[in-house]
Amino acid sequence: MICFPNAKINIGLNITEKRKDGYHNLETVFYPITLCDSLEIIENKESNEPYIWSSSGLVIDGDTKDNLCIKALLKLKEDFDIPPIKIHLHKVIPFGAGIGGGSADAAFTLSTINTLFKLGLSKDELIAYAAKIGADCAFFILNKSCFASGIGEKLQAIDLNLQGYHLVLIKPNVHISTAEAFSGITPQKPKHPIKDAINEPLENWTTLISNDFEPGILNAHPDIKAIKEEFYNQGAIYASMTGSGAAVYGIFKDKPEIKMKDCYVWQTDL
């Protein structure tokens, strides 16, 4: 069975408070985009190994057991007798972009295994499994525009449709660690809650919707700042870093002519 785990962008991101467990509560809007990986999962009748993993496309570093697809499989195997499988991931979504590529792969692994082996898990049950793997994994089970709160696991579907606009996503060759991203954060209640601001006309978003990670990261990484500035120079209606970066997206009425050296560039009509 083949599926296509897709990426997302964050529209706004407010860090509202630090929790006693060390995590941070936030509010954001997740919006799915069509940039995707390819994931194939089939039953392996030729081996007794729990899984055989392979990949292509972008090189996936690290130990296989730390891969989120494998973590998703093992989480299900705690409760279900899943036969040996082969998993192949063709990786297209860039790493370290803040667009949820790994989380999407994990969530689609859960839903594909559920379908392939008729586990009978409901959407709510899949969301519960996904939340145990990563904060934004649960979003990719719903995979439609959502207001997210908590650490990103509390989801509420919203009516947000950006059809008719053009999206450009650019990721420079920059890595932002979680520690760096949070080093410049002072949690606070937002002046303009995203849940309200998202209902305003898109032209108003620049004054109402922001990403709390941006000030510190843009100051430390001129390459990222330059991308956002170029988007507005080219007529973007709204531009923002997504998540904790390093990718930046711009929303346009018409397709712009943007060229950035040494960057990953992807664009689409929404």
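How many salt bridges does a search of the whole structure find?

Modeller: Six salt bridges turn up in a search of the whole structure. A salt bridge here is a side-chain nitrogen of Lys or Arg within 4 Å of a carboxyl oxygen of Asp or Glu. Some ground rules come next. This is a predicted model, where local features need pLDDT of at least 70 and side-chain atom pairs count only at pLDDT 80 or more, while totals for chains, interfaces and linings use all residues. Residues are numbered from 1 along each chain as its sequence is written, and side-chain values use heavy atoms, with hydrogens and water left out.

In general, oppositely charged side chains can pair when their charged atoms come close. Start with Lys228 and Glu214. Their closest N and O atoms are 2.6 Å apart. The pair links distant parts of the chain: Lys228 sits in helix α9, Glu214 in helix α8 (residues 214-220), 14 residues apart. Helices are DSSP runs of H or I with at least four residues, strands are E runs of at least two, and both are numbered from the N terminus. Lys228 and Glu214 are both buried. Buried means under 20% relative accessible area, exposed over 50%, and partly exposed in between, with a 1.4 Å probe and protein chains only. Elsewhere, salt bridges that share partners join Asp37, Lys91 and Asp105 into one network.

Two other pairs have partly exposed members. Asp21 meets Arg19, with 2.8 Å between the closest N and O atoms. Asp21 has a relative accessible area of 44%, so it counts as partly exposed. Arg19, at 28%, is partly exposed too. The side chains of Lys65 and Asp63 form a salt bridge at 3.0 Å, N to O. Lys65 is partly exposed at 48%, and Asp63 is partly exposed at 42%.

Now the sheet. It is open and has four strands in the order β10-β11-β9-β12, with antiparallel pairing. Two strands pair if DSSP finds at least two bridges between them. The edge strands, β10 (238-241) and β12 (263-269), each pair on one side only. Neighbouring strands are turned by 15° against each other on average, direction ignored. Inside the sheet, five bridges join β9 (residues 166-172) to the antiparallel β11 (residues 248-252). Leu167 has Ile251 in β11 as its bridge partner.

Helix α9 returns here. This helix (residues 222-233) lies across β9, β10, β11 and β12, at about 0° to β11. Contact means heavy atoms within 4.5 Å. Axes are lines fitted to C-alpha atoms, for helices over the stretch in contact, and angles run from 0 to 180 degrees between N-to-C directions.

Next, the loops. The peptide bond from Gly245 to Ala246 is cis, with omega near 20°. Ala246 belongs to the loop between β10 and β11. Two residues other than glycine have a positive phi. Lys118 has phi near 50°. Its place is the loop between α2 (101-116) and α3 (123-133), and Lys118 is exposed at 72% relative accessible area. Asn143 has phi of about 60°. Asn143 lies between α4 (139-142) and β7 (146-149); at 24%, Asn143 is partly exposed.

The C-alpha atoms of Gly134 and Ile60 are separated by 18 Å, and the two residues are 74 apart along the chain.
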